[in-house]
Amino acid sequence: MRRTMTLGAQLLLLQVGIVLVTLLLAGAVAVHYQQEQIRDAYRQQALTVANSTARLPSVVDAYGTADPSETLQPLAELIREASLVTFVVITDASGIRFSHPDPDRIGERVSTDPTTTLAGEVFVGTETGTLGESLRAKVPVRDADGEVIGAVSVGILERELAAEFDREAPVLVAWLGGAALVGALGSVLVVRLLRRRIFGLEPEEIARLLETREAMLHGIREGLVAVDQKGRVVLVNDEASRLLDLPPDAVGRPAAEVLDTAMLPLVLGDRPVTDELVLSGERLLVASRTPAVVGGRRIADVLTLRDRTELFGAMRELDGQRNLTNTLRAQAHEFSNQLHVVQGLIELDRRDEAVAFIERIGGGRLLGGAPLSTVVDPGVTALLLAKAAVAREQGVRLVLGADSRLPAGLGDDVVTVVGNLVDNAVDATGQGGEVQVLVRQEDDGAVLVQVDDDGPGVAPADRARVFDVGVTTKGRPDGDHGRGIGLALVARIAARRGGTAAVTDSPTGGARVTVRLPGSRQPSPGALVAP
């Protein structure tokens with residue numbers, strides 16, 4: 001099976017290739033500029049020598065002698081040797097040479113066109129003469145009146161320019177080679193650093209890890225929320241988004257903007273959080289926080305959330321059924337004893353006393369007060385009967401208010417509110433107490449739930465905060481009681497429906513909790529429903 005090239009090798013080749021291509025381009029530009037600089041230097045040198053020679057008084061004066069070449073040839077050779085140029089040629093106004101590196105060419109006409117120079121203009125360029133192709137400068141010679149009487153041509157052979165560049169090229173090549181070596185070493189270091197940062201993994205391995213992570217992260221049934229040290233949400237899985245009702249763009253935003261106020265102390269606080277119950281919206285969650293540590297450094301805090309809404313509701317329902325069973329068992333035992341009494345009175349032929357005994361024990365109802373027929377909703381009716389049986393077992397009398405009237409089909413919100421308020425009232429009243437329940441649909445369609453008890457009541461300073469999560473007026477948290485969830489849930493249901501929930505003094509001496517639920521909306525998914 002063909003083995004693909006590793007990421008490190010690919011990156012190294014790519015970076016070395018980039019370095020080499022860059023250096024080649026830079027080298028080509030450098031060579032071009034180096035050649036231009038050499039040509040400019042020689043061009044300037046030739047022009048300077050030509051100008052200086054044409055202005056020498058001895059050169060101008062030599063034109064008036066019978067044999068100008070006798071003076072100009074030695075002078076031109078001296079200037080040529082001193083300035084390190086290839087030739088210094090001086091001509092008259094007709095282009096006849098007065099000097100030349102080859103004395104045999106003196107007296108001949110120049111091989112290149114002298115017209116431009118003899119017309120009084122300066123020429124600088126490359127031409128091919130008797131000595132070969134050269135870079136030359138031609139300057140007119142003028143007499144005292146400014147008339148052109150001749151010309152000076154100073155040139156440097158092109159092969160000498162090439163030789164000069166060849167002498168400079170090794171230095172340039174050495175610099176480029178050094179840059180290539182440094183670039184290659186830098187590429188190796190970059191590749192090693194990158195490999196270390198990605199733990200030596202190949203792209204395929206990273207892709208598989210990412211796919212596995214995403215599948216596991218979004219497939220587990222627990223919610224995960226990670227918040228970095230700056231308080232920003234860096235990770236959210238699908239279950240956490242569902243449980244906390246988070247927006248799609250939660251990742252990257254500050255936690256204070258997207259998380260419920262009940263979640264912020266858990267994920268941003270310093271105290272340890274382990275299996276702590278928290279009410280988010282109308283869901284009961286179990287939260288735990290674990291620090292995420294990488295390389296010995298804490299980079300984030302991970303909040304794990306488990307939904308216990310359905311389990312909590314099932315446990316409460318089981319608790320209610322257990323209490324109802326115990327109540328029925330006690331009533332069956334009591335009823336058996338009463339049957340024995342009736343049987344004994346009949347056997348003693350004391351019929352009148354038996355009838356009186358039956359009338360005396362047969363008049364009690366589970367639910368006192370108004371007849372239950374005014375409450376048509378089957379869920380609320382069944383709930384009140386179950387709560388009445390449980391209350392009687394605890395020695396508490398449950399009474400239905402005289403103004404109670406409730407049609408059917410009002411949804412589970414009413415059942416949840418009534419169940420939680422009755423539970424709290426029964427717990428607060430204790431043995432021998434009485435709880436009064438009023439459930440009524442108002443003319444505007446709103447449902448009014450009012451529960452009174454004759455217990456110790458709620459202090460005015462605590463009446464607002466009893467609706468907060470974790471706040472309870474009960475002595476100790478045992479079982480499902482004393483956790484500060486029931487009233488908090490009631491308040492959130494009321495708030496969701498645009499209603500109100502308040503605690504005031506009751507005419508019976510205890511506390512009165514009044515909840516008003518406008519409209520007829522269903523609970524949000526996962527809301528706690530009382531048994």
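Let's start with a four-strand open sheet, antiparallel in its pairing and ordered E1-E4-E3-E2. Strands here are DSSP runs of E with at least two residues, helices are runs of H or I with at least four, and both are numbered from the N terminus. Two strands pair if DSSP finds at least two bridges between them. At the edges of this sheet stand E1 and strand E2 (123-129), and each pairs on one side only. On average, neighbouring strands here are turned by 30° against each other, direction ignored.

Before going on, a word on what you're looking at: this is a predicted model, where local features need pLDDT of at least 70 and side-chain atom pairs count only at pLDDT 80 or more, while totals for chains, interfaces and linings use all residues. Residues are numbered from 1 along each chain as its sequence is written, and side-chain values use heavy atoms, with hydrogens and water left out.

Back to the sheet. Nine bridges hold the antiparallel pair E3 and E4, and along it Val-141 sits opposite Gly-150 in E4. Helix H1 (residues 7-54) packs on this sheet and touches E1, E2, E3 and E4; contact means heavy atoms within 4.5 Å. The direction of H1 makes about 35° with that of E3. Such angles run from 0 to 180 degrees between N-to-C directions, with axes fitted as lines to C-alpha atoms, for helices over the stretch in contact.

On a 1 Å grid over the protein atoms alone, a cavity is a set of points where a 1.4 Å probe fits but cannot get out, and lining residues have an atom within 4 Å of a point. Grid points are joined across faces, edges and corners, and a volume is the space filled by probe spheres set on the points. There is one cavity of 30 Å³ or more, and the largest cavity holds about 230 Å³ of space. Its lining has 22 residues, with Val-89, Val-110, Thr-112, Arg-136 and Ser-153 nearest the centre. Strand E1 (87-92), strand E3 (132-142) and strand E4 (148-157) each give at least two residues to that lining.

Next comes an aromatic pair, the one found in a search of the whole structure. The ring centres of Tyr-63 and Phe-98 are 5.5 Å apart and their planes stand at 65°, so the pair is edge-to-face. Rings of Phe, Tyr and Trp (its six-membered ring) pair if their centres lie within 6.5 Å; planes under 30 degrees apart count as stacked, over 60 as edge-to-face and the rest as tilted. Tyr-63 belongs to the loop between helices H2 and H3, Phe-98 to the loop between E1 and helix H4, 35 residues apart.

Further along, strand E7 (residues 276-280) pairs with strand E8 (residues 283-294) in the antiparallel sense over five bridges, and Leu-279 has Leu-284 in E8 as its bridge partner. E8 also runs antiparallel to strand E9 (residues 297-307), joined by 10 bridges. In the hairpin of E8 and E9, with two residues between the strands, Gly-295 takes a positive phi near 60°.

E14 pairs antiparallel with strand E15 (residues 511-517) over six bridges, with Ala-502 opposite Thr-514 in E15.

Notes
On a 1 Å grid over the protein atoms alone, a cavity is a set of points where a 1.4 Å probe fits but cannot get out, and a pocket is an open set with protein on both sides within 12 Å along at least five of seven lines; lining residues have an atom within 4 Å of a point.
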